[in-house]
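Reader: I would be grateful for a close look at a single part of this structure, followed by an account of how other parts are held together. Please keep the answer connected.

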Amino acid sequence: MRTLNREVWRGSITDAFERINMDVIMTSEVSGSKQWLWIKDAVAALSLWGGWIVGRHLALNLIRTVQARATVRSLGYEEKTHLPLMAPSTSASRLNNVSLWLTDTYRSTGRRELLNEALAVQQLALKLTPKKSHNRPAGLNTLASIHGALYNATSDQPWLDEAVTIQRSAVTHARGQNGELRASLSMNLAIWLGQLYDATGNRGFLDEAVDAARESVAALRSPVGSSLDVLSCRLDDLHIATGNPIFLLEAVELQRQAVDITPPESDRWPGIVGNLANRLKSLFRIAPDLRILREAIDFERQALQATSETHAEIGEYKGGLANSLSLLYEHTKDRTILSEAVELSREALQATPVGRSDRAIRVHNYAMDLALLFELDGDAVLLHEARQLTAESRGRGPIDYFRQARTRAHLARLDGDVDSALHELQVANEAFIEERERLAGDLTRLRDLAGQVERVVGDLVGCHVVKGDCAAAVEVIESNRLWLNAPPPSPRGSGLPAMAVAWVSASRWETVVISTLDHRTTSYDATIIPLDRQALGRKTLIAFNAARTSDPGPEFEDIVTIVSRIVDAMPRVSRLLIVPVGPLALLPYGAARRETGEYVIDQTAITIAPSLAWAIESHRDRPHGNCIGAFHPGEPPLNLDSDRDVFASHFPNAAKLDSPTPGQVLDQISNTTEVLHFSCHGNYNIHAPAHSSLELNGSLVLQEFIDIASAPWLVNLSSCDTAIPDITRSEQVISFPTCFLIGGAAHVIGCQWNVANECASLVNQVFYDGLTAGIHPAVALQLAVSAIRSSGKRADYTPRAVSPDPDQRLTPTLDLAHPFWWAAFSHYGSPW
């Protein structure tokens, strides 16, 4: 140690430290006792210069260096690393390379034991890395990736929780470092947070993931395919959570950019191309153009061709292609397409080991493909295999859980086992109720949860009716919903006159109508209509899109035919309360035609309510308080002179507010207000219903109505799109009428699509004639609709909606007798 001592006394601790490392490395093949003697002598010498603390620190680092050398050699991976084993920091870098190589080898071979080795190596690498080292973020990133890979291999959530914690630490440590490193760290954080959102359903994780992905893209001077890919994935997740297609359109554009700038020979290329196919499939679901789906299939075939059969993600690529082919089969009914889908689904499942986080979706897709093949061939062996697979599979989070419950219920119904289907759906519904109570008050997370369980209520109602238990079906419909708790039991319902009620619900297999002539009894009739929810929803949305562009066309006639079949199963009475579930809340029931050609509205005044209990709860005597009229022409300007004159003539003492602010309207509302009238543009936000609005001198949003303590006796929403429920969460009855019922309104008049300005003015005239004459609001609206139909007029179409295309002015070819012009007007609340 004479050379070392001379360096110490010269005061060069750095040179001395390097000398000690070289001495230790040169003797690392010697016995442990010999190594320890070298370390002991070296540390003792350095302690003379820096004291005991310095000596102890050096001793720990040197021991870890020896351990690193031994670890690398014992694993046989020394030839796979490229850094010289010198100081502890470079030893850590070498070990980091080893763990990365192990992880990459796992991905290409699927050998799980390599992940365990990678974890041990990387933990040692971090011990050798000083906390303030500029290399520490990269080491943490590698360790988080290994934890994430272990989660994907095992579905054990603590691995994922730890991956997120470690990755957050890596991002924090990298503040101020170069953009490429920060971009990589933020990208990986977005990946793990996205998976944690999938596992927990916690929207906060998804929002954080989107922010991290955007930060990853922003940190780079020029775009990188992997960062764009991750941001696109998270935006698609956000689209699924919110129903907002704006996120999806951005995701598709980003994914196309990612494919364009990623070299085909890159290891990431198959995954990025496969994700573009996923984005296109999401787009296809909201815009069912087969060209979009076929493009997705082409990309998935490319991804599959570029992937080795031994690759850890081969199951994902095969499963994605199988899923796309199944979608294509449902639209083409081509047997060869379904056969290929089934085979690929089987191979995908075989390539996905038990315990992997994505095995649940592989089981689900394979089982559903077998079910399609069973429906085609009637081979009971296929159905038995599908039921056995799903019975053994359990998912990793709420999305998997509710999906699997619906899948098992569907397979049971196909097998004629209604009891098992009913049991699966009841358990899922109970789980939803528990989670709903846990998330009480958190409207964002509640709405996300509602998206996961959408269709459970309708399927449960359908199973109850098939079993012959209409009372249980009605109980499900009358139970708590997302925004609308069932009101407490009230004795006043029995004191009200008998009212005919029809509950109507669509399931995966049928549409059911449950009816009674007297709401006070539990004597029900039930009719099962062979019209499944998917077909109903597709036709309804197509018709509504046509209506919103002012062109009813043949699509609207399809809806008239469907609603006629449904209403034909309801009681033929002069007054009827309809309680629709899910997409059935979108139907214009007054447009139903009898076999004689007459419309139902000719004989029946219809009231819509989210439940019988709420129809009873909303009933109250008409007050004699103030009336309020709010008028705002907006853009494009509406001619509201007629509306203003009609309102003033019927309510001469009313407060008539021209272009009021939202606050000016809300300040005058109370439960003693008799009538609140709005003539303005309306804007239904399908993506965020709480932000749907009436356009005054500022936007009066739905959430503000929910927050008010009381509402007027009657609210006339003479605006477009004010009666549409949240389409993506239709079973949860989120709408303008709902929020006014919560606030205490007894009656709400709303519109289900864009209505012509002149039609709305005529309706107001006749409606208020009847109202001031003491006629019930539902009957007054019935008279107003009759007035439109008998007017014989044609109208220049100026809709009461926000920002219509100025070039879209319908030159009517139909007179106002056509239901397109009048069937949008609906009465909600109390039928008494």
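Reader: Which helix gives the most to the lining of the second largest pocket, and with how many residues?

Author: The model is a predicted one. Helix 26 gives the most to the lining of the second largest pocket, contributing four residues. Helix 26 covers residues 612-618, and helix 22 (470-477) and helix 23 (492-495) likewise each supply at least two residues of that lining. The pocket itself has a volume of about 460 Å³. It is lined by 20 residues, of which Glu478, Pro489, Leu612, Ala613 and Ile616 are the closest to its centre. Sorted by class, the lining comprises 10 nonpolar, six polar and four charged residues.

Charged side chains also pair elsewhere in the model, which holds 30 salt bridges. One of them joins glutamate 313 to arginine 356, with an N to O distance of 3.3 Å. Glutamate 313 belongs to the loop between helix 13 (290-305) and helix 14, whereas arginine 356 belongs to the loop between helix 15 (335-350) and helix 16 (359-377), so this contact ties together parts that are 43 residues apart in sequence. Arginine 356 also meets aspartate 358 in a salt bridge, at 2.9 Å from N to O. Buried means under 20% relative accessible area. Arginine 356 therefore counts as buried, at 9% relative accessibility, and aspartate 358 is buried as well, with a relative accessible area of 13%.

A further salt bridge is formed by the side chains of arginine 413 and glutamate 510, at 2.8 Å from N to O. This pair links distant parts of the chain, 97 residues apart: arginine 413 is in helix 18 (residues 398-414), and glutamate 510 is in the loop between strand 1 (500-506) and strand 2 (511-516). Both arginine 413 and glutamate 510 are buried.

Helix 14 is mostly covered, with 14 of its 19 residues buried. Its length can be checked: at 1.5 Å a residue, the 19 residues (314-332) should span 27 Å, and the end C-alpha atoms are 27 Å apart, so the two values agree. Just after helix 14, lysine 333 takes a positive phi of about 60°.

Note on methods: Residues are numbered from 1 along each chain as its sequence is written. This is a predicted model: local features need pLDDT of at least 70, side-chain atom pairs count only at pLDDT 80 or more; totals for chains, interfaces and linings use all residues. Side-chain values use heavy atoms; hydrogens and water are left out. The expected span of a helix is 1.5 Å times one less than its number of residues. Buried means under 20% relative accessible area, exposed over 50%, partly exposed in between (1.4 Å probe, protein chains only). On a 1 Å grid over the protein atoms alone, a cavity is a set of points where a 1.4 Å probe fits but cannot get out, and a pocket is an open set with protein on both sides within 12 Å along at least five of seven lines; lining residues have an atom within 4 Å of a point. Grid points are joined across faces, edges and corners, and a volume is the space filled by probe spheres set on the points. Ala, Val, Leu, Ile, Met, Phe, Trp, Tyr, Cys and Pro count as nonpolar, Asp, Glu, Lys and Arg as charged, and the others, Gly among them, as polar. A salt bridge is a side-chain nitrogen of Lys or Arg within 4 Å of a carboxyl oxygen of Asp or Glu.
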